[in-house]
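Subject: Structure handover

Hello,

Here is the structure I said I would pass on.

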Amino acid sequence: MNSAPFAFSVSVVVPAMNEAENLPHVFATLPSWIDEVILVDGNSTDDTVAVAKALRPGLRVVSQTRKGKGNALTEGFAAATGDIIVMIDADGSTDGREIHAFVTALVEGADFAKGSRCAPGGGSDDISPIRSLGNTVLTKMTNRLYGTRYTDLCYGYNAFWARHLDALDLDCDGFEIETLMNIRAAQAGLVIREVPSHERSRIHGASNLHAVRDGLRVLRTILREREGRVGGLRLRQERPTHATA
């Protein structure tokens, strides 16, 4: 185990499909004290797995059984052995150096550390006007329906204590996984802290995200979870704080 600034083990889950060109940059940003990196391979046709293994000795590889980011993350979370689980992207848009801020938020008392590009100190080099508008509308809808105070609903940089995985009870396959996590964390009464994060542009390749199609999936998730919500839950979300790396 590496010398670490925290007394808890940390697993990083990286879903990847045909990201061989991006992994050298992504892995270079990961702190040396990370205990475990799990690459969830979505049946890549390039050298994603070989490159990842060469870059990260001791890397664990999980082969995805179905399709979609949600399924990849769910399988990666199930394989993780750390006290804390962090999810990042393999396209270079999420900076591994920010992991320190996410873990700090958890160690200081949060159950779920939620990345936000819209909190003070956050930002994005990548989000398009239509995606920004959709994210804003969906975020406000979620806050109104669930009593949350999120500033950025559709962002995939999050961390949480592994002991809360059962409470999240994840059961979707697509990009709506991020929204589902945020809603169910609130429904479970977890203490949620937003962590400012800066999203970079994808380095190589094209994104699999489709703004309209995936936006509709997020909308359906918000409404479906509302219909199945158990009443009387006490939501305990902290206001956004600027944790520093």
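You will find Asn 43 in the loop between strand 2 and helix 2 (48–55). The C-alpha atoms of Asn 43 and Asn 18 are 8.2 Å apart, although 25 residues separate the two along the chain.

Confidence and overall make-up

Please keep in mind that this is a predicted model. The average pLDDT of the chain is 89, and 89% of the residues reach at least 70. Two stretches need caution. Residues 230–237 have a pLDDT below 50, and in the model this stretch has 19 contacts beyond near neighbours in sequence. Residues 239–245 also have a pLDDT below 50, with 18 contacts counted in that way.

The chain has 245 residues, of which 52% are buried. Its secondary structure consists of eight helices and nine strands. Take the contacts between residues at least 6 apart in sequence: 80% of them join residues at least 24 apart.

The nonpolar cores

The largest nonpolar core has 32 residues. Those touching the most other members are Val 10, Val 12, Phe 27, Val 86, Ile 88 and Ile 99. At least two residues each come from strand 1 (10–16), helix 1 (23–28), strand 2 (36–41), strand 4 (84–87), helix 4 and strand 7. Helix 4 gives the most, namely six residues.

Helix 4

Seven of the nine residues of helix 4 are buried, so the helix is mostly covered. The buried ones are Ile 99, Ala 101, Phe 102, Val 103, Thr 104, Ala 105 and Leu 106. What do the buried residues of helix 4 pack against? They pack against strand 1, strand 4, strand 5 (112–116), strand 7 and strand 8 (192–196). Just after helix 4 comes Gly 109, which has a positive phi of about 130°.

Helix 3 and Lys 69

Helix 3 (residues 69–79) is largely enclosed by the rest of the structure, because nine of its eleven residues are buried. Among them are Gly 70, Asn 71, Leu 73, Glu 75 and Phe 77.

Lys 69, which lies in helix 3, may be worth a look on screen. Is Lys 69 buried or exposed? Its relative accessibility is 13%, and buried means under 20%, so Lys 69 counts as buried. Its side chain makes a polar contact of 2.7 Å with the side chain of Glu 178. Leaving out neighbours within four places in sequence, the residues in contact with Lys 69 are Asp 89, Gly 156, Asp 173, Gly 174, Phe 175 and Glu 178.

Aromatic rings

The count of aromatic pairs comes to five. One of them is Phe 77 with Phe 160, an edge-to-face pair with 5.2 Å between the centres and 85° between the planes. Phe 77 belongs to helix 3 and Phe 160 to strand 7 (residues 158–161), so this pair links distant parts of the chain, 83 residues apart. Both Phe 77 and Phe 160 are buried.

Why is the pair of Phe 102 and Tyr 157 stacked? The ring centres are 4.4 Å apart and the planes are at 20°; planes under 30 degrees apart count as stacked, so this pair is stacked. Phe 102 is in helix 4 (residues 99–107) and Tyr 157 is in the loop between helix 5 (129–146) and strand 7, so the pair ties together parts 55 residues apart in sequence. Phe 102 is buried at a relative accessible area of 0%, and Tyr 157 is buried at 0% as well.

Ring pairs also join Phe 77, Phe 112 and Phe 160 into a cluster.

Two charged residues sit over rings. Lys 114 lies over the face of Tyr 150, 5.5 Å from the ring centre. Arg 163 lies over the face of Trp 161, 4.6 Å from the ring centre.

Regards

Conventions. Residues are numbered from 1 along each chain as its sequence is written. Side-chain values use heavy atoms; hydrogens and water are left out. pLDDT is the predictor's confidence in each residue, from 0 to 100. Contact means heavy atoms within 4.5 Å. Buried means under 20% relative accessible area, exposed over 50%, partly exposed in between (1.4 Å probe, protein chains only). Helices (H or I, at least four residues) and strands (E, at least two) are DSSP runs, numbered from the N terminus. Rings of Phe, Tyr and Trp (its six-membered ring) pair if their centres lie within 6.5 Å; planes under 30 degrees apart count as stacked, over 60 as edge-to-face and the rest as tilted. A charge sits over a ring if NZ of Lys or CZ of Arg is within 6 Å of the ring centre and within 35 degrees of the ring normal. A polar contact is a pair of N or O atoms within 3.5 Å; within protein, one must be able to donate a hydrogen and the other to accept it, and residues adjacent in sequence count only if both atoms are side-chain atoms. A nonpolar core is a set of buried Ala, Val, Leu, Ile, Met, Phe, Trp, Tyr and Cys residues joined through side-chain atoms within 4.5 Å.
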